[in-house]
Amino acid sequence: MQLRPRTSIVPSSLACALAAVAAGLVALAAAPAARANPYETFIDVDSEEDLYDLQATGQIDDDTLAELVEVLQSGVDLNRGSRDELYSLPNLTYGEVDAILEYRSLAGWIHDPIDLVVAGILTQEKLESIAAFLVITDPTRPLFATAGWVRGQTRFTVDDDGAPPAELQARVATLRNLTVGFASTFSRNRLTDVEYNADRDRLMASAADDHLYVPKFYAQWQTDRWGVIAGTYRMGFGQRLTFDNTSLYTPNGFYKDDQLFRETDLVLACRESAGDFDDSPCTGPAGSIYETPDYKWREGLLGIAAGFKNLEVGPGTLQSYAFASYQPRSIYQYEIFSPTTCDDPHDDADECSAPPIYNRDGDPDQDSTTWKFQTLPNLFTEMVGGGNIAYAPTRRSHIGVTGYGADVSFAPGGMDLDFQEWSRLPYGGPFGAVGMDGSFGVGMFDVFGEVTRSFDS
């Protein structure tokens with residue numbers, strides 16, 4: 001699931017992109033200084049639970065929660081992090097980030113974050129507010145030194161029927177540069193794979209059942225100059241216009257992906273419509289029972305990515321990344337239509353609406369109910385490949401080019417499917433984009449821009 005759906009779709013008009021960039025430049029020119037990430041409040045947390053508390057009390061919104069959870073779980077390396085990565089830390093200004101980078105270049109290595117307070121770069125309050133997000137690497141540690149963590153969670157309500165949802169995450173770092181991790185979850189509300197019933201010409205899916213999923217797993221090798229990751233990962237560049245599926249404010253490269261999320265609201269236990277019958281089984285008391293929702297995950301990229309950075313070329317540095325992904329994806333059931341019965345998804349006629357998903361439990365040739373308000377798991381596979389190359393003559397200036405191409409294939413055989421016109425993904429076949437981004441910093445101003453041209457049917 002995508003909390004901030006901007007991975008594959010970009011404005012199809014270059015003029016719109018240029019207008020957006022121009023508006024951003026005007027706003028930046030009027031700003032008094034380069035400010036910290038625009039979170040709604042001063043972020044001072046010790047754990048992920050504290051972030052959910054801020055969201056529950058309305059101090060941060062859902063997008064900020066997703067962004068900060070990703071930064072917290074991924075961690076920002078105080079010694080290896082780039083300017084953009086350090087700027088993803090809450091509460092910091094670009095001036096403070098530049099001061100950290102200057103101190104790091106002079107000191108060679110930051111062994112203790114308190115050194116930043118002693119040097120007058122950060123206040124004690126700011127250091128304590130970002131401490132939970134920091135990772136400190138030690139180049140002198142033994143090669144086989146190993147560290148990691150394991151975390152398990154569960155939650156339940158009195159109306160839950162059966163075992164409650166649960167999750168288990170683990171991460172291990174060893175060999176100085178190797179990190180391995182996974183995330184698994186015990187789910188109860190997720191439908192099984194959707195299949196096509198040729199005899200009745202309909203899509204069908206069985207009811208949700210207790211099931212163990214391992215949606216996140218990866219192995220990453222990351223040094224100061226190059227890295228490679230295999231498994232689940234996220235990627236983003238520039239101003240996030242051409243390609244980005246992270247939640248980070250300033251992404252640049254690939255990031256390990258082992259995050260799970262939880263919803264704060266209960267969900268209906270019964271989500272069926274009448275289908276072939278006169279009445280829905282969810283009428284009456286059954287339609288007012290709520291239960292604990294499953295732990296969720298956002299489907300990112302699944303495959304391999306590699307790249308290098310900080311390669312000295314002339315007065316500046318060069319970076320380049322390439323990636324490929326073959327990711328099964330889920331989708332909200334009303335986000336699809338059948339081109340067999342509908343020529344144009346913009347048409348609101350009945351034949352252009354999403355096909356119903358019938359209950360496959362029992363005899364598939366008998367009458368059955370239909371599912372409603374459901375996410376259909378693994379309904380299609382998204383194939384994506386692309387890359388980025390960027391040159392930075394100074395720490396505050398760069399120019400880069402990003403491009404990608406993608407295509408999808410739907411899993412149920414026998415029925416043609418495609419995306420509604422309002423979907424995050426374009427209908428009609430392959431799509432992609434190419435864009436150029438740049439930045440320039442002088443004095444107290446940092447100016448950014450990106451233009452993109454998308455391609456689809």
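Leaving aside neighbours within four places in sequence, N79 is in contact with R104, W109, I110, I136 and T137, where contact means heavy atoms within 4.5 Å. You'll find N79 in the loop between β1 and α4; helices here are DSSP runs (H or I, at least four residues), strands are runs of E (at least two), and both are numbered from the N terminus. With a relative accessible area of 7%, N79 is buried, because buried means under 20%, exposed over 50% and partly exposed in between (1.4 Å probe, protein chains only).

Before going on, a word on the model: it is predicted, so local features need pLDDT of at least 70 and side-chain atom pairs count only at pLDDT 80 or more, while totals for chains, interfaces and linings use all residues. Residues are numbered from 1 along each chain as its sequence is written, and side-chain values use heavy atoms, with hydrogens and water left out.

Among the buried residues of α5 are R104, Y94 and L101. The helix covers residues 94–107, and its 14 residues reach 20 Å from first C-alpha to last, close to the 20 Å expected at 1.5 Å a residue (the expected span is 1.5 Å times one less than the number of residues). What do the buried residues of α5 pack against? Their partners are β1 (76–77), α4 (83–87), α6 (114–118), α7 (124–130) and β23 (445–455). Just after α5 comes G108, with a positive phi of about 90 degrees.

Now hop over to E351, in the loop between β16 (336–337) and β17 (357–359). E351 counts as partly exposed because its relative accessibility is 42%. Not counting residues up to four places away in sequence, E351 touches T341 and C342. From E351 to L65, 286 residues apart along the chain, the C-alpha separation is 39 Å.
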